[in-house]
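Please consult the sequence and the structure while reading.

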Amino acid sequence: MRVRDLLNKKASEIQSTTPTTSLLKAIKQLNDHNIGSLIVLDGDTVAGIVTERDVLHAAGRPSGDLHSLNVQDVMTTDLITCEPEANVEGIMATMTENRIRHLPVLEDENLVGVISIGDVVKARFQETEAEASQLKEYIRTGR
């Protein structure tokens, strides 16, 4: 299965924010949409990602004053991304090795989607169920 297949099964709306958005506004957006990350766009360019983990790190700083921070103060800019034609098994390994839960999907430098570790696990689970069903049918019928 390819990442493109995952994106085709998901809602197409990508939640994003800007570097200068207040962190509190970004947190509200995460909560309102019940999601774990926002893509940070500077114009049409992906500038980074802000995740729940980034917010927790900011809250744990000595000052801990989230009111004075903008997204650019806490966002992750060293992004790991993938392409729509990437293999889901490889993406699962990449996400696990790098301890990330959200992956922007870029095609020719353009943002086309975001996949989460939940999307990847769900897809792999469905593939495994389908394979098991086919094997059971083969054992039962001999075909």
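Q: Which residues are exposed on the other side of helix 4?
A: Thr96 and Glu97 are exposed there. The model is a predicted one, in which local features need pLDDT of at least 70, side-chain atom pairs count only at pLDDT 80 or more, and totals for chains, interfaces and linings use all residues. Residues are numbered from 1 along each chain as its sequence is written, and side-chain values use heavy atoms, with hydrogens and water left out. Exposed stands for over 50% relative accessible area, buried for under 20%, and partly exposed for the range in between (1.4 Å probe, protein chains only). Helices (H or I, at least four residues) and strands (E, at least two) are DSSP runs numbered from the N terminus.

Q: Which residues of helix 4 are buried, and what puts them on the same side?
A: Within helix 4, residues 88–98, the buried residues are Val88, Ile91 and Met95. They cover an arc of only 55° around the axis, and therefore lie on the same side of helix 4. The arc is taken from the directions that lead from the helix axis to the C-beta atoms.

Q: What caps the N-terminal end of helix 4, and what follows just after the helix?
A: The cap is asparagine 87, which has a side-chain oxygen 2.7 Å from the backbone nitrogen of glutamate 89. A polar contact requires a pair of N or O atoms within 3.5 Å; within protein, one must be able to donate a hydrogen and the other to accept it, and residues adjacent in sequence count only if both atoms are side-chain atoms. Just after helix 4, arginine 99 has a positive phi of about 55°.

Q: Why are the buried residues of helix 2 said to line one face?
A: These residues are Leu23, Ala26, Ile27, Gln29 and Leu30. Viewed down the axis of helix 2, they fall within an arc of 160°, so they line one face of the helix. The face turned away from them carries the exposed residues Lys25, Asn31 and Asp32. Strand 1, strand 2, strand 3 and helix 3 (52–59) are among the elements that cover the buried residues of helix 2.

Q: What makes strand 1 and strand 2 a pair?
A: Strand 1 (residues 16–17) and strand 2 are joined in the parallel sense over two bridges. Pairing needs at least two bridges found by DSSP between two strands. Isoleucine 39 in strand 2 is the bridge partner of serine 16. With helix 2 (residues 23–33), these two strands form a right-handed β-α-β unit. Right-handed here means that, with the strands pointing away from the viewer, the path from the first strand over the helix to the second runs clockwise.

Q: How many bridges join strand 2 to strand 3, and in which sense do the strands run?
A: Six bridges join them, and the strands run antiparallel. Aspartate 42 is opposite threonine 45 in strand 3. Their hairpin has two residues between the strands, and glycine 43 in this hairpin takes a positive phi near 70°. Strand 2 (residues 37–42) is mostly covered, with five of its six residues buried.

Q: Why is the contact between arginine 4 and glutamate 85 called a salt bridge?
A: Their side chains meet at 2.6 Å, N to O. The term requires a side-chain nitrogen of Lys or Arg within 4 Å of a carboxyl oxygen of Asp or Glu, so the pair qualifies. The structure holds five salt bridges. Arg4, Glu85 and Glu107 are linked in a network of them.

Q: Is arginine 4 buried, exposed or partly exposed, and what value decides this?
A: Arginine 4 counts as partly exposed because its relative accessibility is 31%. Glutamate 85, with a relative accessible area of 44%, is also partly exposed.

Q: What are the closest N and O atoms of lysine 10 and aspartate 119 apart?
A: They are 2.8 Å apart, and the two residues form a salt bridge. This pair links distant parts of the chain: lysine 10 lies in the loop between helix 1 and strand 1, and aspartate 119 in helix 5 (residues 117–141), 109 residues apart.

Q: Why does serine 116 count as buried?
A: Serine 116 has a relative accessibility of 18%, and therefore counts as buried. This residue lies in strand 5 (residues 110–116). Leaving aside neighbours within four places in sequence, serine 116 is in contact (heavy atoms within 4.5 Å) with Met95, Arg101 and His102.
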